Amino acid sequence: MLAARERSGDYYVTVVEDTNLGQIVATATLVIEHKFTHSCAKRGRVEDVVVSDECRGKQLGKLLMSTLTLLSKRLNCYKITLECLPKNVAFYKKFGYSVSEEKYMGQKFFN
């Protein structure tokens with residue numbers, strides 16, 4: 001599945017590497033969806049925002065979110081969304097995100 005997304009050009013993984021350690025210390029993904037109900041306009045979706053415990057408080061989350069938000073604008077997305085736990089809402093509000101009236105539902109599959 002990842003290979004198909006990579007070929008489509010609609011899957012952007014952003015990473016921050018600590019070059020001293022040679023390790024990735026933060027990452028986030030932007031997925032671009034083409035919405036049929038909006039004349040195939042692009043919608044951005046932020047997923048998998050993670051900063052290592054050792055690097056929290058160093059503004060890396062801010063760097064990732066600013067990068068993906070700007071990228072979605074440059075790609076002409078009509079909107080960008082994300083899902084988060086209630087405890088993380090205040091963090092994302094700093095970047096202009098707001099809580100939506102929409103209720104998302106999901107189903108998990110375990111192997």
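How many helices and strands does the secondary structure of the chain come to? There are 3 helices and 4 strands, taken as DSSP runs numbered from the N terminus (helices are H or I with at least four residues, strands are E with at least two). Read from the N terminus, the elements follow the order α-β-β-β-α-β-α. The model is predicted, so local features need pLDDT of at least 70 and side-chain atom pairs count only at pLDDT 80 or more, while totals for chains, interfaces and linings use all residues. Residues are numbered from 1 along each chain as its sequence is written, and side-chain values use heavy atoms, with hydrogens and water left out.

Along the principal axes, the C-alpha atoms of the chain fill a box of roughly 45 × 40 × 35 Å. Of the 111 residues in the chain, 29% are buried; here buried means under 20% relative accessible area, exposed means over 50%, and partly exposed lies in between (1.4 Å probe, protein chains only). Among the contacts with a separation of 6 or more, 45% come from residues 24 or more positions apart, a contact being heavy atoms within 4.5 Å.

The sheet comes next. It is an open sheet of 4 strands in the order β1-β2-β3-β4, with mixed pairing; two strands pair if DSSP finds at least two bridges between them. Its edge strands, β1 and β4, each pair on one side only. From one strand to the next the twist averages 20°, with axes fitted as lines to C-alpha atoms (for helices over the stretch in contact) and angles running from 0 to 180 degrees between N-to-C directions.

Strands β2 and β3 run antiparallel and are joined by 9 bridges. Two residue pairs illustrate this: Ala26 stands opposite Val51 in β3, and Thr29 stands opposite Glu47 in β3. The two strands form a hairpin with 5 residues between them, and Ser39 in the turn has a positive phi of about 55°. Cys40 lies in the loop between β2 and β3 and has a positive phi of about 65° although it is not a glycine. Cys40 counts as partly exposed because its relative accessibility is 45%. With a relative accessible area of 52%, Asp48 is exposed. On to the next pairing, β3 and β4 run parallel and are joined by 5 bridges; in β4, Leu82 is the bridge partner of Val46.

Thr29, in strand β2, counts as buried because its relative accessibility is 5%. Beyond its neighbours within four places in sequence, Thr29 touches Tyr11, Tyr12, Val13, Arg45, Val46, Glu47, Asp48 and Leu68.

Helix α2 lies across β1, β2, β3 and β4, running at about 25° to β2. The helix covers residues 60-74, and at 1.5 Å a residue its 15 residues should span 21 Å, which agrees with the 21 Å between its end C-alpha atoms; the expected span is 1.5 Å times one less than the number of residues. Its buried residues are Leu60, Gly61, Leu64, Met65, Leu68, Thr69 and Ser72. They sit on the same side of α2 because they cover an arc of only 165° around the axis, the arc being that of the directions from the helix axis to the C-beta atoms. An α-helix has 3.6 residues a turn, so residues three or four places apart point the same way. The cover over the buried residues of α2 includes β1 (11-18), β2 (23-35), β3 (41-51), β4 (77-82) and α3 (89-93). Exposed Lys73 and Arg74 are carried on the face turned away from the buried side of α2. After α2 comes Asn76, with a positive phi near 65°.

Finally, there is the core. The largest nonpolar core has 19 residues, and Leu30, Val46, Leu60 and Tyr97 have the most contacts inside it; such a core is a set of buried Ala, Val, Leu, Ile, Met, Phe, Trp, Tyr and Cys residues joined through side-chain atoms within 4.5 Å. At least two residues of this core come from each of β2, β3, α2 and β4, and β2 supplies the largest share, 5 residues. Leaving aside neighbours within four places in sequence, Leu60 is in contact with Val16, Val25, Ala26, Val51 and Cys55.
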